[in-house]
Structure formats: structure tokens, C-alpha cells
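Open the model in your viewer and show the side chains.

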Amino acid sequence: AAVDSLRTQFSWQPGTANQAALWALNFSDLTYQWADKALAPTQGRISLLDKDEGHVARLIADNVTLEPVAKTLVAFDSLPVVFRKALSTLNPSGQLADLQVDYSLPTAKGKSVSPVFKLQANLNDVAVSAWRHGPAVSGINGSIELTPSAGSIDFVSADMQLHFPRVFSRAWQFDRAEGMLHWFREGRTLWMNGEQFVMTGEVGDITGRFSSLTSKDGFEPRLSLLMGLENSRLPDAMTFMPDKLLAPNVVQWLEQAFAQGNVKRTRFVLEQRLKKGAPAITKSLAMDVDAEQVDFSFHRDWPHLTEAGVNVRVIDQQVTVAATEARFYDLMLTDIAADYAIKRGASRLKATAQVRGELKQAWQTLTDTPLQKMLFGLANDFQLGGQMQGVLALDVPFSELEKSNVDLDFSTRNGRLNIPSLAVSANDIEGSF
């Protein structure tokens, strides 16, 4: 886009023997239009500095809209192609304050001051699109230093949005965020590191870091991401599920399995090899959830387990659930272990638990669930009473529920059985079954 309707007041200042600048052009009340937008007025100075290694053109401005600056830099043929491509993809927007740009001019011998280009500024409400495996970010306030081969951003923002589009479908909104981002290029290899991320928002309190390496010089490309979440609601914590890297039925099962609860801690770790043909991606997600307030449903047609304290781990396409205790109807379940896995495109759940409570409630787990289809005709006529304890084992193929296996080994004392349709009644039942 062209710059239109440019207006300013300026003064020319020649250099003196006591000044490093050979000359300076001061401007004030600079206003202009870019892409049919009237941009805020600014003031500053353009000067030519005399350095031992050569001459440096310097631009200083108190307030600059970022889009025209980025488009101008992309058009500089003397800057590296990879730098210009990255800047074009990032498509930055927002405001730069206290901007200083140095551009080294070649000497008669063709040499220039290193680096050729350097930008320093404060960032006001800056946004960038995702580039390669880095995040898309908006609402950045902080400072930036940039050269063709390296750069860094230190940010402290009151309202920021963060999104890793290659890993997560959903973006996160934070009321406060701070951290550092650094990158360095050597040859055709780029290292990027995000460190000391500390963020607070509706999803909870988050700490994290990430690093990535992309290369055409023989190094294996890779991405590492580590994030921790505390003091969150379970549905919010599930936004940390790497759904772009998991099979759709794993994502669907996790979303319906954990309906509500309070998260004490969530740790998300991703190690990804980016090279084509690399072995399967390794991913893990671990959550520790408040023991009193978790609803867990391993199938949409089954009643929820309630009051559960749950630890969930996702590794590749397999989910492991461990719970210290939970309630199912009025049964108390302890030492719960469950594995949800996908094999040959089909999902399957295997679970075991210690069970204690009323025989009536244990029988209800069969008659009031999809397992009822496996029972004999008189099952609904059975009336049971008394206390029991035992071990429950489930094997549920989700695509063929009729082939589910349920093993309940239990013992009872003072048990009762009544089958009215057969006029059968028994009391004081004792033993193992």
C-alpha cells in the first residue's frame, strides 16, 4: 500500500566536529495515510551517523504504526530472504513507541557495519500471526530488539491472547501475561525459545516455555512445549488437550468423560520431531484433579462416577486414568485404573476398581446401563440387599458394546435375594461370588 497525504514540519541540522551525526533531519507532527487509514501523528529524526566501520542511517520516532514499517522492511531486497518471508508471514500489527532503526550503508569497499539492520522499540498492543511452529499472539506490550539473524521480545501484558494453531484448536485469553521470546538464525537453521511464561486468566494460572528448531542444514527439526496450569476448572483445563495431534475419537472421549471438576495441577508436555517420515509423535498430558468435585463418565450412556480424585495421562493415542476413589450410584469405588486406547481404528476401555456398598447398587450397575442387554430375562425382577465388597473389571469395546465383559468378584454377609415372579426368597446369604 502507498503512503498518501503525508504532512509534516521538518528542520535540517548539519553535523559538527563534536557530533557523531553527519547530518540530521528533524520532523514533527508527521501525519499520513496508509491503506486508506489515517495514522496517528508522530515526531522524530532521521540522521546519518559516522561509525569507524562505515555510515549508519538512523530513524528515531516516538510513535509508529507497525504495519507500514513491516511492509517497508519486507520490500528491502538487501535484507535476507528468510527474514523477509518470516516478517510477511507474521504480519505484525499494533504500535511501536520509542522506535530506533539503524541501517548500515556499504562503504566504498562494499563493507557495512554489522548487523546491517537493527530495530529497537517498545510494543503497544502488538499482534502477530503464527509462524512455523511458534504461536499467534495478540495484545503484546513490552519491548523488542530485532536484527536479520536474531531477536528478542520481553513482554508484560494486561490483556493477551495466545494460540499454538498446530497443536491446539482453541486460543487462551489472559488477564495478565509476561515472559521472554528469543530467536537466532545461523545459516539455514533457526532456533526459537520462549521462556518464563507466567499467565493468569479465566482458565487459571499458567507457567510454561517452548522451543523449536527448524533447519535445512542437517539438524533434525523439533518442537518442545511445556505448560503447567493450576487453580482451574476442568473444562478449561481440557483446552490444553493437544487435539490437533490426537485422534478425533480420543478427543471426543476425553471431552465427554470429564464434565466438571476443579483442577489442582495440569502439566502438558510435547516433544515433536518435525522431520517428514519421523517416528510417531510423542505427546503426554497429565492432570491432577480435586478429589471432591470431578464427574467422570467413561461412556455417554453410562451414569457418571462422582466425587472422584482423578489423574489422567495421555501418551500418544492412549489415555490412562487413575483415581483414588469415586462414587458410582451409592457404591464407593477405590483404586480405580482405566485405559482407553485405539487399536486398528477401534477404541476400547479397560478398567478395574475395588467396590464396596449395597448389593442393590452393585446389581444396578448391570440393570441400569447398556450391560442390561447382556442379562437374562428375569434380571430386572431380582431384588438384592445387604452389604458387599469386591473387585470390578470392565472390558468395553465402544464400537461393539454388546461384546462388553463385566467381571464382579465379591463377598457378602447378611445378603438378601428376592425374586417375586418365582416366589423365591433368601436371607442371611454369606460367601464369595
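This is a predicted model: local features need pLDDT of at least 70, side-chain atom pairs count only at pLDDT 80 or more; totals for chains, interfaces and linings use all residues.

Residues are numbered from 1 along each chain as its sequence is written, and side-chain values use heavy atoms, with hydrogens and water left out.

How many salt bridges does the structure hold? There are 5. The term means a side-chain nitrogen of Lys or Arg within 4 Å of a carboxyl oxygen of Asp or Glu.

**First stop.** Select D102 and R58. Their side chains form a salt bridge, 2.7 Å from N to O. D102 lies in strand β5 (residues 93-105) and R58 in strand β4 (residues 54-65), 44 residues apart. Strands are DSSP runs of E, at least two residues; helices are runs of H or I, at least four; both are numbered from the N terminus. D102 is buried, at 14% relative accessibility. Buried means under 20% relative accessible area, exposed over 50%, and partly exposed in between (1.4 Å probe, protein chains only).

**Next stop.** Select E255 and R170. This salt bridge spans 3.6 Å, N to O. E255 is partly exposed at 41%. R170 is partly exposed at 34%.

**Last stop.** Select R176 and E178. Their closest N and O atoms are 3.1 Å apart, in a salt bridge. R176 is partly exposed at 44%, and E178 is partly exposed at 29%.
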